[in-house]
Amino acid sequence: MSEQPGMTKKLIRFFILILVAVVISHYTVPALTTLFFIAVLVVYYRSEGNEPFWFAFFFIMQDGIVGYFTNFEQLVKILPGLPAVEAGQLYIAIALVKALRVKEGGFQPFFSKGLVILLIYMIFLVIQGYAWGVSLELNIQFRIVKFVLPMFLLYALPKLMTDEKQYWEILHYLFPITFTVLFAQVFTIQNGRSPALAWGVQAEASHLFIVTKDIAYRGFFNDGLVLITTLGSFLALGSKEKRFSNTYMYIVIISLFLSIFLSATRGWILGFLLVSVCFLFFVSKIRPAQTLKIAAMSVILLTLLYSIPVVTIQVDNAWNRFMTLQALAGGDITAGGTLVRLEKRSPLVLKRWAESPLTGIGFSNDFFRHGDMHVANQNILLHTGIIGAIALFSFIIFFMVKMFSAYASLPKDHPNRNQLLIFQIFFLGWFLIHSVTSQQFAFYAQPHQGMVIGYYFSFAALIYLRSQESRVKASSNMSNERLKNYRDIIPQ
């Protein structure tokens, strides 16, 4: 594995800090947890030039690791009488404050005008929510703030992380954790509960389930981490500058796929396969020697998994569930009785949306009560109406068109060309997951979702900027060369 200078020491500090956070958050009293996270947040606020480390740390605090740390844990009680706040939310708030202090520096994403439009409509949705009726209880008001705050990372990250190396450094921290995702899946399938539960987070917890031929495990760990590291691993494989060894990336990708497959989540399986197939066809055709290496590693991992009887049952369950998509393709909207989102969930959401089709119902009590992330695009209509859906999807289309135009304008040997295409390929798989499994895009987000969105769009905008800068520079150099040749030919 190729590493940046000093990366080993940073990785050691990173995992020690996570271990300390696990012990304090889950095996001590809440007051000590509050003091710990306040201290860490103060250190982050005072730190300079170490944004990737803190982004990765707080991302894990929100996305979790082997069942430790999930949303609504790591609560920090700031003031008496006020609701406790997740540490990840406070990290985002501090990151925004630090970004606002940056007077010169940072870079402006090519989609910044689109973000302004979305911000204006987000404000409208808050007002719309009050018009429809929203509780004035303090926890509900805080909930609205916490819903919209993560989206401001789209502004903060381009101010705080302006070098490609910083986005790659985040991947150095996150890639090793992908193996804990597969471990957690296998452990949970075999033991009926997550490692965190088995290791005493809840001493009274009993087995949550038993996998049988009729009952499939449906859990999924670290969805945010899986997204970022899937993007990162394919970017690393497609990059002309090798920042990680190909073998390491193959192992990461195989582990990610097995983790997804063992969850028996059809949308995620389809999304990952779509990204993988498009990568092979349009970016990097794997040579025979590499194919053999990937096949050998896959066989070894599968052999280890099949040595556990209950995992063998889960593999069969996952395959059978995936194959129910044949019934869906044949016109059965229930996919053999395994899919209720199109038959039941969608009509309920659309019925509520019909009451305010143009502008939706905003951040209202009705939305909190009737919103359904399992039918994402219908949920967007309920929340934002036709106008909001058009604004959001227009932003996405604009982003994709600009990225593809930049890709098409570059010569084949340009170092950023493949990266521009990989961002688009990944988005197709990501949007498929959004459309058929769980909502990924909206005018709000949980902290770990906002961090994934902020990372993806900020990194993509930076690669776009670098590609355009190099193209302009190359064009300028060519013009100067032509001018020189002209002066050599024409007597002065």
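Which residues in helix 11 meet which residues in helix 20?

**Entry 1: helix 11 and helix 20**

I am working with a predicted model. I started with the contact. On the helix 11 side I listed Leu 227, Thr 230, Leu 231, Phe 234, Leu 235 and Gly 238. They meet Asn 418, Gln 419, Ile 422, Phe 423, Phe 426, Trp 430 and Ile 433 in helix 20. I then sorted the residues of this contact by class. I noted 9 nonpolar, 4 polar and no charged.

Next I looked up the geometry. Two packed helices are described by the angle between their axes and the distance between the axes. Helix 11 covers residues 223-238, and helix 20 covers residues 417-436. Their axes come within 10 Å. The crossing angle is roughly 150°. Angles over 145 degrees count as roughly antiparallel, so helix 11 and helix 20 are roughly antiparallel to each other. I also checked the hand of this crossing, and it is right-handed.

**Entry 2: helix 3 and helix 11**

I stayed with helix 11 and turned to helix 3. Helix 3 spans residues 51-63. Helix 3 and helix 11 pack at an angle of about 140°. Their axes are 8 Å apart. That makes helix 3 oblique to helix 11.

Which residues meet here, in helix 3 and in helix 11? From helix 3 I wrote down Phe 55, Phe 59, Ile 60 and Asp 63. From helix 11 I wrote down Asp 223, Gly 224, Leu 225 and Ile 228. The contact of helix 3 with helix 11 divides into 5 nonpolar, 1 polar and 2 charged residues.

**Entry 3: the cavities**

Now I looked for empty space. Rolling a probe the size of a water molecule over the atoms shows where empty space is left. How many cavities of 30 Å³ or more does the structure hold? I found 2.

The largest cavity has a volume of about 80 Å³. Its lining includes Val 226, Leu 227 and Thr 230. Ile 260, Trp 268, Gly 271, Phe 272 and Val 275 also line the largest cavity. So do Phe 426, Gly 429, Trp 430 and Ile 433. Helix 11, helix 13 (266-282) and helix 20 each give at least two residues to this lining. I counted classes again for the largest cavity: 9 nonpolar, 3 polar and no charged.

The second largest cavity holds about 50 Å³ of space. I listed its lining as Asp 223, Gly 224, Leu 227, Trp 430, Gln 440, His 448, Gln 449, Val 452 and Ile 453. Two or more of these residues come from helix 11, and two or more from helix 21. Helix 21 has the largest share of this lining, with 4 residues. By class, the lining of the second largest cavity has 4 nonpolar, 4 polar and 1 charged residues.

I cross-checked two names. Leu 227 and Trp 430 are in the contact of helix 11 with helix 20. Leu 227 and Trp 430 also line the largest cavity. I found both in the lining of the second largest cavity too.

**Entry 4: the second largest pocket**

I moved on to a pocket. The second largest pocket contains about 560 Å³ of space. It is lined by 25 residues. Which of them are closest to its centre? I noted Leu 115, Val 116, Met 151, Leu 154 and Tyr 155.

Helix 5 (112-132), helix 7 (153-160), helix 19 (376-409) and helix 21 (447-489) each supply at least two lining residues. Helix 5 gives the largest share, 6 residues. I recorded 20 nonpolar, 4 polar and 1 charged residues in the lining of this pocket.

**Entry 5: helix 1 and helix 8**

My last pair was helix 1 (residues 7-27) and helix 8 (residues 164-174). Their axes come within 10 Å and cross at roughly 55°. That makes helix 1 oblique to helix 8. The crossing is right-handed.

In helix 1, I picked out Met 7, Lys 10, Leu 11, Phe 14 and Phe 15. They meet Glu 169, His 172 and Tyr 173 in helix 8. This contact has 5 nonpolar, 1 polar and 2 charged residues.

Key: Residues are numbered from 1 along each chain as its sequence is written. This is a predicted model: local features need pLDDT of at least 70, side-chain atom pairs count only at pLDDT 80 or more; totals for chains, interfaces and linings use all residues. Side-chain values use heavy atoms; hydrogens and water are left out. Axes are lines fitted to C-alpha atoms, for helices over the stretch in contact, and angles run from 0 to 180 degrees between N-to-C directions. Angles under 35 degrees count as roughly parallel, over 145 as roughly antiparallel, 65 to 115 as roughly perpendicular and the rest as oblique. A crossing is left-handed if the near helix is turned anticlockwise from the far one by less than a right angle, and right-handed if clockwise. Contact means heavy atoms within 4.5 Å. Ala, Val, Leu, Ile, Met, Phe, Trp, Tyr, Cys and Pro count as nonpolar, Asp, Glu, Lys and Arg as charged, and the others, Gly among them, as polar. On a 1 Å grid over the protein atoms alone, a cavity is a set of points where a 1.4 Å probe fits but cannot get out, and a pocket is an open set with protein on both sides within 12 Å along at least five of seven lines; lining residues have an atom within 4 Å of a point. Grid points are joined across faces, edges and corners, and a volume is the space filled by probe spheres set on the points.
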